Amino acid sequence: MKSIWRTVTAHMEPAVFFGSAFMVVGFVVVGAVWTDVARGAFAASQRFVSGAFGWWYMALGTSLLAMGAILAIGPWRRIRIGGPDAKPEFGRASWMAMLFAAGMGTGLVFWSVAEPLTHFAEPRDGIDPRTAEAAREAMRITFFHWGLNAWAIYLVLGLAVAFFHFNRGLPLAPRSVFHPLIGERIHGPFGHGVDILCTVGTLLGVATTLGLGAMQLNLGLGEFFPVPQGPQTQIVLIAVITVIATISVVLGVEAGIRRLSLFNIAVAAVLLAFVFLAGPTQYILETFVSTTGLYLQQLPRSSLFVDFAGDEEWQATWTFFYWGWWISWSPFVAIFIARISCGRTIGEFVLTVLVVPTFATFAWLATFGGGALEAEMRGGSQLAARVTDKPAAGLYALLEAMPLAGATMIFATFVIVLFFVTSSDSGSLVDDMVTAGGDPDPPRAQRVFWAVSEGAVAATLLLVGGLSAIRNAAITLGLPMSLVLAVSAIGLLRALRREVRDDESGRATA
């Protein structure tokens, strides 16, 4: 019996694996059996966190963005992840493709049309709806929600995990960022607790994306086949996608995730090019340039704005939701980008993770969001009305108003499936690595368990309230994770200052 146990746990951190598994299974059981209780608990926790800690979310996101700028220009920018002689494991194109596919994915496809149209039809701050001013503000807000602040949240934790793993030999796990503060105690109960928190946060963050993808995929299939709309169908779709994602994650990063991410980005680029060329090309270009300018001009104010004297419900529904989502998802994206970034300098890492995906996201938003706004202002499309009722319908509503609607809607469904799979397999791999004690090549049996668990949690979120439950879960789960992010920033700065000081002392001695 003991030999069997040793075999099972040889590549496992038992406390983290079983602790995380217990919490995930408990979440699924409570959500499935006591659905109304779970729905009420999520709503109550969301109201509390938004009311009491919205300011903290905004301050943390801004601080991490400022830290990213400091890292890009400071003396530590020349430090190479993995040591002076480390070589990148992946080419730059593969690296960037995996960054983007893991960091945004299905959520961007879901909201790229729905969010600008919603802000256009229902603006805030006294702006008249459906006007040119409303269109400009709608795109600026959307850029803000998907821009530099989001990637700064991923950046700092990802760089911290990468540095402590590849340069200091610590586990590829969130616990390692606490090493400058508590030393070897990261290997004890406290470290186990941090990894459990991040594993569950990763799982629920990815499940949020899977839930959004299932809702959008359900609508897309309903356009071509007699597929019923609702949670039951969406759960079936999650199950099918989970099987595909499980195969990919079992194959590993090189054989599965890297190739799938490259293919994913290629087909997404084809869809982007079609909408750009077949749609209002000049308007899209003007939208990209103008909105980028507005975004950069108002970034400091937006980053620290908390509407304490106005409509807090709007900010909770949108900005706090996104910040909670990015924060709860940060262990997944951070550990994944840490895993694939050995051999990069800190300067290259920071600039690439911040700038490249941000402007790729802006190009996507300007093309799809800008195209939708132009069609709505031109009249006759009724896109905004459809999206307000069903946000998941945004992409399909836009494509339906363009040439070759049938073919492009089928192609868009394929793109959604691919983003769906790349989010799931990357998230599963991260949970595998953390629960395997930071092993970058975890056992396949664990990969299967976490891939299936992500699908089960996404299905549970749909059962307990669909989009509302997904929003509430993201905002709530971001709170404990935000403390890990703050500590990772402090620990990383301490470690990098020591690294630079030791390097200067070594040169002086030589």
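Is Cys342 buried or exposed? I find Cys342 buried, because its relative accessible area is 15% and buried means under 20%, exposed over 50% and partly exposed in between, with a 1.4 Å probe and protein chains only. Before going on I note that this is a predicted model, in which local features need pLDDT of at least 70 and side-chain atom pairs count only at pLDDT 80 or more, while totals for chains, interfaces and linings use all residues. I also note that residues are numbered from 1 along each chain as its sequence is written, and that side-chain values use heavy atoms, with hydrogens and water left out.

Taking a disulfide as a pair of cysteine sulfur atoms within 2.5 Å, I get a count of 0 disulfides.

Entry on aromatic rings. I pair rings of Phe, Tyr and Trp (its six-membered ring) if their centres lie within 6.5 Å, and I call planes under 30 degrees apart stacked, over 60 edge-to-face and the rest tilted. The count by this rule is 21 aromatic pairs. One of them joins Phe110 and Trp111, edge-to-face at 4.8 Å centre to centre with 70 degrees between the planes, and both Phe110 and Trp111 are buried. I then turned to Trp151 and Tyr154, whose ring centres are 5.2 Å apart and whose planes stand at 90 degrees, so this pair is edge-to-face too. Trp151 and Tyr154 sit 3 residues apart in helix 7 (residues 148-167), about one turn of the helix; I take helices as DSSP runs (H or I, at least four residues), numbered from the N terminus. Trp151 is buried at a relative accessible area of 0%, and Tyr154 is buried at 0% as well. Ring pairs link a cluster that includes Phe110, Trp111, Trp151, Tyr154 and Trp318.

Entry on charges over rings. My criterion is NZ of Lys or CZ of Arg within 6 Å of the ring centre and within 35 degrees of the ring normal. Arg301 lies over the face of Phe305 at 5.1 Å from the ring centre, and Arg344 lies over the face of Trp95 at 4.3 Å.

Entry on helix 2. Where does Val30 lie? I place Val30 in helix 2, and Val30 counts as partly exposed because its relative accessibility is 35%.

Note on methods
Helix = DSSP H or I, 4+ residues; strand = E, 2+ residues; numbered from the N terminus.
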